[in-house]
Amino acid sequence: MFLAREKGTHRDHLVTYNSCDCEFFLFSTILGSGKPCIHMEAYRLASEKEDFLRISARSDDFKQILTEVFAYGKSLKLRKLISSRYD
Ligand SMILES: [Zn+2]
């Protein structure tokens with residue numbers, strides 16, 4: 001699972017090669033256009049260039065990250081894990 005940080009609204013998104021939790025992808029899927037959203041395109045590009053940060057998280061931390069993303073649109077736990085890598 002990958003998280004993409006959206007600059008404009010500062011939301012975190014749960015992204016895979018073929019799916020995203022954003023509104024654009026939801027409507028794209030329902031309406032059948034099948035167009036990938038900007039997060040999926042960014043994920044695909046980052047994967048091709050191997051331009052991403054890999055973080056391992058314990059399962060309880062991972063569950064907290066998912067819960068925060070769905071409840072608040074972003075995860076403070078994820079930010080703490082990212083910043084702790086640079087201490
Ligand atoms: Zn998206």
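**Close-up views of the predicted model**

View 1. Helix α3 gives way to Gly73, a residue with a positive phi, near 85°. Helices here are DSSP runs of H or I with at least four residues, strands are runs of E with at least two, and both are numbered from the N terminus. This is a predicted model, where local features need pLDDT of at least 70, side-chain atom pairs count only at pLDDT 80 or more, and totals for chains, interfaces and linings use all residues. Residue numbers start from 1 along each chain as its sequence is written.

**View 2. The whole chain, for orientation.** The protein chain has four helices and two strands, and from the N terminus on they come in the order β-β-α-α-α-α. Of its 87 residues, 18% count as buried (20 or more other C-beta atoms within 10 Å of the residue's own; 12 or fewer is exposed, anything in between is partly exposed, and C-beta atoms are placed from the backbone).

**View 3. The largest nonpolar core.** Eight residues make up this core: Val15, Cys20, Cys22, Phe25, Cys37, Met40, Ala42 and Tyr43. Helix α2 (residues 38-49) puts in the largest share, three residues. A nonpolar core here means buried Ala, Val, Leu, Ile, Met, Phe, Trp, Tyr and Cys residues joined through C-beta atoms within 7 Å. In soluble globular proteins, nonpolar side chains tend to be buried together.

**View 4. Helix α3 along its length.** Residues 59-72 form α3, and its 14 residues reach 20 Å from the first C-alpha to the last, close to the 20 Å expected at 1.5 Å a residue (the expected span is 1.5 Å times one less than the number of residues). The number of buried residues among those 14 is one, so α3 lies largely in the open.

**View 5. Where α3 packs on α4.** Helix α4 covers residues 76-84, and α3 packs with it at an angle of about 130°, the axes being 7 Å apart. That angle makes the pair oblique: under 35 degrees would be roughly parallel, over 145 roughly antiparallel, 65 to 115 roughly perpendicular, and the rest is oblique. Axes are lines fitted to C-alpha atoms, for helices over the stretch in contact, with angles from 0 to 180 degrees between N-to-C directions. On the α3 side you'll find Asp61, Gln64, Ile65 and Glu68, which meet Leu76, Lys77, Leu78 and Leu81 of α4 (contact means C-beta atoms, placed from the backbone, within 7 Å).

**View 6. Two residues from that contact, Glu68 and Leu76.** Glu68, in α3, is partly exposed, with 17 other C-beta atoms within 10 Å. Leaving aside neighbours within four places in sequence, Glu68 touches Lys74, Ser75, Leu76 and Lys77. Asp12 is 56 residues away from Glu68 along the chain, yet their C-alpha atoms are separated by 9.5 Å. Leu76 belongs to α4 and counts as exposed, with 11 C-beta neighbours inside 10 Å. Between the C-alpha atoms of Leu76 and Ile65, 11 residues apart along the chain, the separation is 7.7 Å.

**View 7. Glu50 in its loop.** Glu50 sits in the loop between α2 and α3. Its phi is near 50°, a positive value in a residue other than glycine. Glu50 also counts as exposed, with 7 C-beta neighbours inside 10 Å.
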